Amino acid sequence: MPTEREPPRPPVVPAPRNVDLARESELERIARERGVRLTGARRLIARVLSASTDHPAVATLLARLHAIDPHLGVATLYRALARFGEAGLIDRHLFSAQRHRYELAAEDHHDHLIDIRTGAIVEFQNSELERLQREVAHRLGYRLVDHRCELFGEPDETVPSKSKAPAERDDPTG
């Protein structure tokens with residue numbers, strides 16, 4: 001039975017097919033370069049995160065990890081995520097009041113559009129939006145040094161579906 005501090009355990013899922021357990025991931029390489037100590041558990045977490053094409057929540061990551069190593073604990077996962085975040089290796093997002101989601105820290109800036117019906121997350125880049133944000137900061141007497149733009153919306157039935165950006169479908173249970 002899960003304690004109040006740990007999330008309920010999701011059902012066991014097959015090991016992610018795209019996790020290469022034999023080769024060092026990009027996240028591991030950067031972590032090593034930044035002096036982050038990589039235990040066996042952290043290596044596995046880094047490989048699963050590197051193979052993720054979505055913005056997984058802790059429960060989703062734990063299910064993916066348990067498909068490979070059912071003994072990896074939730075506390076170990078939280079500690080690794082915190083350490084990776086401190087080292088600037090991953091970003092943590094709170095797209096809704098429900099749960100944090102994680103992604104590899106990107107070299108190229110991007111923003112997010114979250115579908116409020118399905119939880120799908122669409123990453124996008126828009127130079128006009130970036131210019132407008134810098135302009136607003138300048139008009140208010142600031143030099144923009146960083147920002148985060150998260151848009152929340154629902155499908156617009158008046159827009160043909162072929163013109164909509166392809167959405168990543170995050171696991172709504174995770």
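**View 1. Strands β1 and β3 at the second largest pocket.** In this predicted model, β1 (90-93) and β3 (111-115) each contribute at least two residues to the lining of the second largest pocket. The space inside that pocket comes to about 280 Å³. Its lining is made up of 14 residues, and D91, H109, H110, D146 and H147 are the ones that lie nearest the centre. Which class of residue do we meet here, and how many of each? Sorted by class, the lining of the second largest pocket holds seven charged, five polar and two nonpolar residues.

**View 2. Where β3 meets β5.** Do these two strands run parallel or antiparallel? They run parallel, and four bridges join β3 to β5. A handy pair to pick out is I114 and F152: I114 stands opposite F152, which belongs to β5.

**View 3. Where β3 meets β4, and the hairpin that links them.** On this side the sense of the pairing is antiparallel, again with four bridges between β3 and β4. Start with D111, whose bridge partner in β4 is F124. Then follow the chain into the hairpin of β3 and β4, where five residues lie between the strands.

View 4. Find D115 in strand β3. Is D115 buried or exposed? Its relative accessibility is 16%, and the cut-off for buried is under 20%, so D115 counts as buried. The side chain of D115 has a polar atom 3.1 Å from the backbone nitrogen of T118.

**View 5. I68, in the loop between α3 and α4.** Here we leave the strands for a stretch between two helices. I68 is placed in the loop that lies between α3 (58-66) and α4 (74-86). Because its relative accessibility is 26%, I68 counts as partly exposed. What separates I68 from V19? Along the chain the two are 49 residues apart, while their C-alpha atoms are separated by 9.6 Å.

**View 6. The whole chain, for orientation.** The chain has five helices and five strands. Reading from the N terminus, the elements follow the pattern α-α-α-α-β-β-β-β-α-β. How many residues does the chain have, and what share of them is buried? There are 174 residues, of which 35% count as buried.

Methods: Residues numbered from 1 in each chain as written. Predicted model: local features only at pLDDT ≥ 70, side-chain atom pairs only at ≥ 80, totals over all residues. Heavy atoms only, no water. 1 Å grid on protein atoms, 1.4 Å probe; cavity = no way out; pocket = protein on both sides within 12 Å on 5 of 7 lines; lining within 4 Å. Points joined across faces, edges and corners; volume = space filled by probe spheres on them. Nonpolar A, V, L, I, M, F, W, Y, C, P; charged D, E, K, R; others polar. Pairing = 2+ DSSP bridges. Buried < 20%, exposed > 50% of the residue type's maximum accessible area, 1.4 Å probe, protein only. Polar contact = N/O pair within 3.5 Å; in protein donor to acceptor, adjacent residues only side chain to side chain.
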